[in-house]
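Student: I have just opened this one and would like a walk through it. Could we begin with whatever term we need for talking about single residues?
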Amino acid sequence: MVELRKRREAPSNLPEPPLKKTTSATKAKSEPQSNAKAGPSVNGTSKTEAIKAGDTIDLEGLGGEVETQDGEETSLKKLVNESKTGVVLFTYPKASTPGCTTQACLFRDQYTPLTATGYSIFGLSTDSPKSNTTFKTKQNLPYTLLCDPKATLISAIGLKKMPKGTTRGVFVVSKTGKVEAAEPGGPAATLEVVRKLVKNAGLSSSENVEKPGVERDPQDVEANDIERRGAANPPKEDTDGVRAEVAAEVADTAQKLDEGKN
């Protein structure tokens, strides 16, 4: 006969196993990370979407520091502050290549009319100062070329090609931080964007000769025009009236002199 033995019950007073410590590395694995980075401040708030024409942006720290072809450090904010009207940045993928040479020479040939209203023009690429110096010298470019090897400024203005590279395009910002253009385009297209802006700015300034950049009240304009026309061509009746007053004063003076003699 087989004797059945009862299974021992587990003691109830055993200590609980220690809890595993949660390290920062473990937490990082368990929690998904967002790769989205906050974009520049637009209209006073931080945004992740690309900058577009019509936005007003904060230039402080935007794009970080870049170098000129001469190795001088500068920034977009500094360039804008030093300009009269604003800054034009045309981006190009690589110095001295056919498409980039065409683009740079188009801006070279139109440099005088493009800067007539106070815009400062700059070429922008990831090229080294040495490459851009050679490019500028060989093509006799009248404007400064900016070197952005880490593409910080190029990325900030929305013209970085992912994963690595530069999109050909143009970016224009005014002295007040208003984005007037921000778009990709070919050599001729980028030039045309700036030509239109300059043309519109020229028309606007010609309409406000006395107070550039200040909107004038239509009534003031009409009053000033009437005043100028009146000064140049006084009405006949007004002229006759002045002569009559002068003659009356002369007659009064003569009469007083005669009375004094008597």
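Tutor: Let us start with burial: a residue is called buried under 20% relative accessible area, exposed over 50% and partly exposed in between, using a 1.4 Å probe and protein chains only. This is a predicted model, in which local features need pLDDT of at least 70 and side-chain atom pairs count only at pLDDT 80 or more, while totals for chains, interfaces and linings use all residues. Residues are numbered from 1 along each chain as its sequence is written, and side-chain values use heavy atoms, with hydrogens and water left out.

Student: Then is Thr91 buried or exposed?
Tutor: Thr91 counts as buried, because its relative accessibility is 0%.

Student: Which strand holds Thr91?
Tutor: Thr91 belongs to strand E5, where helices (H or I, at least four residues) and strands (E, at least two) are DSSP runs numbered from the N terminus.

Student: And what is Thr91 in contact with, apart from its neighbours within four places in sequence?
Tutor: Taking contact as heavy atoms within 4.5 Å, the partners of Thr91 include Gln103, Leu124, Ile157 and Leu159. Thr167 is another of them, and its backbone oxygen lies 2.7 Å from a polar atom of the Thr91 side chain.

Student: Stepping back, what is the strand order in the open sheet?
Tutor: The open sheet has 7 strands in the order E4-E3-E7-E6-E5-E8-E9, with mixed pairing; two strands pair if DSSP finds at least two bridges between them. Strand E4 (73–75) and strand E9 (179–184) stand at the edges, and each has a single partner strand, so one side of each lacks a neighbour in the sheet.

Student: How many bridges join E3 to E4?
Tutor: There are 3 bridges between E4 and strand E3 (residues 65–68), and the two strands run antiparallel. Glu67 stands opposite Glu73 in E4.

Student: Where does helix H5 pack?
Tutor: Helix H5 (residues 129–139) packs on the sheet, where H5 touches E3, E6 and strand E7 (144–147).

Student: Which residues of H5 are buried?
Tutor: Asn132, Phe135, Lys136 and Gln139 are buried in H5. Seen down the axis of H5, these buried residues fall within an arc of 95°, so they line one face of the helix; the arc is that of the directions from the helix axis to the C-beta atoms. They pack against H3, E6 and E7, whereas Lys130, Thr137 and Lys138, on the other side of H5, are exposed.

Technical notes. Axes are lines fitted to C-alpha atoms, for helices over the stretch in contact, and angles run from 0 to 180 degrees between N-to-C directions. A polar contact is a pair of N or O atoms within 3.5 Å; within protein, one must be able to donate a hydrogen and the other to accept it, and residues adjacent in sequence count only if both atoms are side-chain atoms.
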